[in-house]
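Please look over the chain shown here. The report below goes through its packing and its backbone.

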Amino acid sequence: MPKAYLSLGSNQEPETHLAAAVQALRETFGTIVLSDWMRTKAVGFVGPDFINGAAIIETDWDVYALDQWLHALEDAHGRRRDVPRFSSRTLDIDIIFFDDLILTGPGNLQIPRPELKHAFVLEPLAQIAPGFVNPETGLTLSATLAAAKR
């Protein structure tokens, strides 16, 4: 079954929204692999710190259905889409990888996600999937993280 590698973050009531997101992922997809949570500064704007983490789920859904479901989950938690792209948010969940798929789709769907360059995405993913190979670069997440820290 395909694996989706997700980035999760929030800087508005993060403990509440992230716990609910993890519960929804477990209820819908079963067992998930979850990273530790990390606190990071907002990137691209001035705002409260974010709590970020990563999860791996297995799903027989296609990437488009998963992306729509994740957007609906964000919306159910008060995610606003009528504000600047870089702003505070109750819940942000992105598909960083979907097996070895490379694609650009509707909206902001891009896999692998360009946010992988940020430590708040790369570090939690490398923690739970160090041997995963990025299909664009051919590098494992642990090698990518090591190179980023140089």
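The model is predicted, not experimental.

**Helix 1 against helix 2**

Two packed helices are described by the angle between their axes and the distance between the axes. Here helix 1 spans residues 14-29 and helix 2 spans residues 63-76. Their packing angle is about 140°, and the axes lie 11 Å apart. Helix 1 is therefore oblique to helix 2. Angles over 145 degrees would count as roughly antiparallel. The crossing of the two helices is right-handed.

Which residues make the contact? Helix 1 supplies Ala-21, Ala-24, Leu-25, Thr-28 and Phe-29. Helix 2 supplies Leu-66, Trp-69, Leu-70 and Leu-73. By class, eight of the contact residues are nonpolar and one is polar. No charged residue takes part in this contact of helix 1 with helix 2.

**Leu-18, in helix 1**

Leu-18 also sits in helix 1. Is Leu-18 buried or exposed? Leu-18 is buried, because its relative accessible area is 3%, and buried means under 20%. Beyond residues up to four places away in sequence, Leu-18 touches Leu-8, Gly-9, Ser-10, Trp-37, Ile-51 and Leu-91. Leu-18 and Asp-92 are 74 residues apart along the chain, yet their C-alpha atoms are separated by 9.1 Å.

**Thr-40, in strand 3**

Thr-40 lies in strand 3, which covers residues 38-40. Thr-40 is buried, with a relative accessible area of 13%. What does the side chain of Thr-40 make a polar contact with? The partner is the side chain of Asn-52, at 2.8 Å. Leaving aside neighbours within four places in sequence, the contacts of Thr-40 are Asp-49, Phe-50, Asn-52 and Phe-120. One of these, Phe-120, is also among the buried residues of helix 3.

**Helix 3 and its cover**

Helix 3 runs over residues 119-128. How many of its 10 residues are buried? Seven are, so helix 3 is mostly covered. The buried residues are Phe-120, Val-121, Leu-122, Pro-124, Leu-125, Ala-126 and Ile-128.

**Backbone details**

Most residues other than glycine have a negative phi, and most peptide bonds are trans. The peptide bond from Ile-111 to Pro-112 is cis, with omega near -5°. Pro-112 is in the loop between strand 7 (110-111) and helix 3.

Glu-13 is in the loop between strand 1 (3-10) and helix 1. Asp-99 is in the loop between strand 5 (92-98) and strand 6 (103-104). The table gives the values for these two residues.

| Residue | Phi | Relative accessible area | Class |
|---|---|---|---|
| Glu-13 | near 50° | 55% | exposed |
| Asp-99 | near 50° | 30% | partly exposed |

Why is Glu-13 classed as exposed? Glu-13 has a relative accessible area of 55%, and exposed means over 50%. Asp-99, with a relative accessible area of 30%, is partly exposed.

Definitions and conventions: Residues are numbered from 1 along each chain as its sequence is written. This is a predicted model: local features need pLDDT of at least 70, side-chain atom pairs count only at pLDDT 80 or more; totals for chains, interfaces and linings use all residues. Side-chain values use heavy atoms; hydrogens and water are left out. Axes are lines fitted to C-alpha atoms, for helices over the stretch in contact, and angles run from 0 to 180 degrees between N-to-C directions. Helices (H or I, at least four residues) and strands (E, at least two) are DSSP runs, numbered from the N terminus. Angles under 35 degrees count as roughly parallel, over 145 as roughly antiparallel, 65 to 115 as roughly perpendicular and the rest as oblique. A crossing is left-handed if the near helix is turned anticlockwise from the far one by less than a right angle, and right-handed if clockwise. Contact means heavy atoms within 4.5 Å. Ala, Val, Leu, Ile, Met, Phe, Trp, Tyr, Cys and Pro count as nonpolar, Asp, Glu, Lys and Arg as charged, and the others, Gly among them, as polar. Buried means under 20% relative accessible area, exposed over 50%, partly exposed in between (1.4 Å probe, protein chains only). A polar contact is a pair of N or O atoms within 3.5 Å; within protein, one must be able to donate a hydrogen and the other to accept it, and residues adjacent in sequence count only if both atoms are side-chain atoms.
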